[in-house]
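Cover backbone features in loops, helix packing and the surroundings of a selected loop residue.

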Amino acid sequence: MLELIGLFVLAIGASVVLATWRDFFDLSVYYGAVRYWAQGGFLYDFVAPNSTYGFTYTPFAAMVMLPVALVPWPVAIVASCAATIVATVLLVYWFVDPVARRHGWVPWYAVGVVVACAVAFDPLRETFLFGQVNMYLVALVGFDLLLLTQRGSRFAGVGIGLATALKLTPGVFLIYLLVTGRWRAALTASSAAAGATMVGAALAPDASQVFWADALWNTDRVGQADYISNQSLHGAVARINPLDPSTVLWLLAVAVVLAVWVVRVRRAAAVGDEKTGFALTGVVTCLISPITWVHHLVWVMPALLVLLDRALAASRARGDGAGDRVPTAGRQRAWLWGLLIASYVVLGSRVIWAFDDRWTNPLVWFVSNAYVWVSLALLLALPIAKA
C-alpha cells in the first residue's frame, strides 16, 4: 500500500513539473455557454473572453451539461475532475482486472499502479487541466464494446450512439461496428444517435439548425490546424506548409490509414479480440480527425493497455519455458515492451511543445509530430490475439 501511495506521489509530482496550467479553459467554455444559454442567450453566440472559442458540441451535449449551470464555478471544477478520475479508473479496470487475475495479482492494487502511471500521461494530464470531456466518451464507448457488445446484450451500440450524439468523433466506432459485421449493434448505435439528436432538435430547434448548418463547419471555432497541439495527420500535413497546406496529401494519408485500420480491425473481430478492435479504432480516430488536440489522445490509452497485457503475457510465456523453445519469443517480448515504453514515454514527455512555431527544419518538423508517429506505430504494430 505504501508503495502504491509513493507511486501516486511520484506521478503527481512529475505531472506538476511537466504540466502547463490550463486554467480549466475548456470547462469554462462549457460552463459559460450553458449558463449564457440558460439565461436566455443563444448557445452558439457565446465566445469565451479573450478568445475566439465558443461552444462546438451538439445541442444534445449542451442539454446534458445544463446541470453545470446550476452550480458555482469551483463546484464545476471539482465535479469535472472527479468524473475524469472515475472514467479513468473504470477504463483501466476493464483492461487490467483480467490481467491481474490471470497473473495471480491483487486486482485493486494492479489497477492502482496503472492508474498512477496514467496520471503522468500527457493527454490525460491535459484533459484534467482543460476540464475536457473526452475521457467520459472513452469510458462510454468502452462500456459499450467491452461489456455490452462482448456479452451480446440487446443494448449493445447504445453507448456508441449516445457518445456520437454528444460529440461527433466517436462516430468512427459506429463505422467500426459496420466493418466488423455487427449489424444489429450498428443499427442500435445509429438509432440511439439519431434519437438523441432528435431530442436536441425538438427541444432546441434554433440551436440545432445553427449547429448543423453553420457551427459544425466553422473551423475558426476550434482553432488552427497547424497549431502544435493538433497531433493528427491533418496537423502534420498543415505544418509542412502552414500558409498553404495540401488537402490532397492529407486525404491520401487518411485513405491509407483507413485501409490499414479496416484490415486490422476485421482481423481482430475474426478472432474475437474486442479490446484490440476498440484500441485500434481509438487510435485511428485521432489520426483521421481534422483536429486532434493533445487531450483528445486519451483515445490512445486503450492501445497502451492492450500492449501492457500482451507484453506481460509474453513475459509469462518466458517464465513457463516457452521462450527457450521458441527462438522468436525473446524478440517478440523485446519489441512489445519497447513499443509500450517508447509510446508511454513519448506521450508523457510533452516533447512536441518544445517545437511550437518552428517547423521549417525537416528534423524539427519530424519531432514536432512525435505523437502522430506514436499513433501510426500503434495502428501498424498493435498485436492481435485470439480471445
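F24 counts as buried at 9% relative accessibility, where buried means under 20% relative accessible area, exposed over 50% and partly exposed in between, with a 1.4 Å probe and protein chains only. The model is predicted: local features need pLDDT of at least 70 and side-chain atom pairs count only at pLDDT 80 or more, while totals for chains, interfaces and linings use all residues. Residues are numbered from 1 along each chain as its sequence is written, and side-chain values use heavy atoms, with hydrogens and water left out.

**Positive phi in loops**

- F24 lies in the loop between α1 (2–18) and α2 (25–38); helices (H or I, at least four residues) and strands (E, at least two) are DSSP runs, numbered from the N terminus.
- Although F24 is not a glycine, its phi is positive, at about 50°.
- R350, in the loop between α17 (329–349) and α18 (362–368), is a residue other than glycine with a positive phi near 65°.
- R350 also counts as buried, at 12% relative accessibility.

**Overall composition**

- The protein has 19 helices and zero strands.
- Of its 387 residues, 52% count as buried.
- Among contacts (heavy atoms within 4.5 Å) between residues at least 6 apart in sequence, 75% join residues at least 24 apart.

**Helix α9 and its packing on α14**

- Helix α9 (residues 171–179) is mostly covered, with seven of its nine residues buried: G171, V172, F173, L174, Y176, L177 and V179.
- These buried residues pack against α7 (134–149), α8 (158–166), α10 (183–203), α13 (247–270) and α14 (274–288).
- The axes of α9 and α14 come within 10 Å and cross at roughly 135°; axes are lines fitted to C-alpha atoms, for helices over the stretch in contact, and angles run from 0 to 180 degrees between N-to-C directions.
- α9 and α14 are therefore oblique to each other, since angles under 35 degrees count as roughly parallel, over 145 as roughly antiparallel, 65 to 115 as roughly perpendicular and the rest as oblique.
- On the α9 side, V172, F173 and Y176 meet E274, G277, F278, T281, G282, V284, T285 and I288 of α14.
- By class, this contact of α9 with α14 has six nonpolar, four polar and one charged residues; Ala, Val, Leu, Ile, Met, Phe, Trp, Tyr, Cys and Pro count as nonpolar, Asp, Glu, Lys and Arg as charged, and the others, Gly among them, as polar.
- Just after α9, G181 adopts a positive phi of about 80°.

**Packing of α4 on α7**

- Helix α4 (residues 73–103) packs with α7 at an angle of about 30°, their axes 9 Å apart, which makes α4 roughly parallel to α7.
- The crossing of α4 and α7 is left-handed.
- Residues in the contact include A83, A87 and L91 of α4 and A139, G142 and L146 of α7.
- The residues of the α4 and α7 contact divide into 12 nonpolar, four polar and no charged.

**Surroundings of N230**

- N230 sits in the loop between α11 (205–213) and α12 (233–238) and is buried, with a relative accessible area of 0%.
- Its side chain makes a polar contact with the side chain of S232 at 3.0 Å; a polar contact is a pair of N or O atoms within 3.5 Å, and within protein one must be able to donate a hydrogen and the other to accept it, with residues adjacent in sequence counting only if both atoms are side-chain atoms.
- The N230 side chain also reaches the backbone nitrogen of T292 at 2.7 Å.
- Not counting residues up to four places away in sequence, N230 touches A225, G235, R239, P290, I291, T292 and W293.

Note on methods
A crossing is left-handed if the near helix is turned anticlockwise from the far one by less than a right angle, and right-handed if clockwise.
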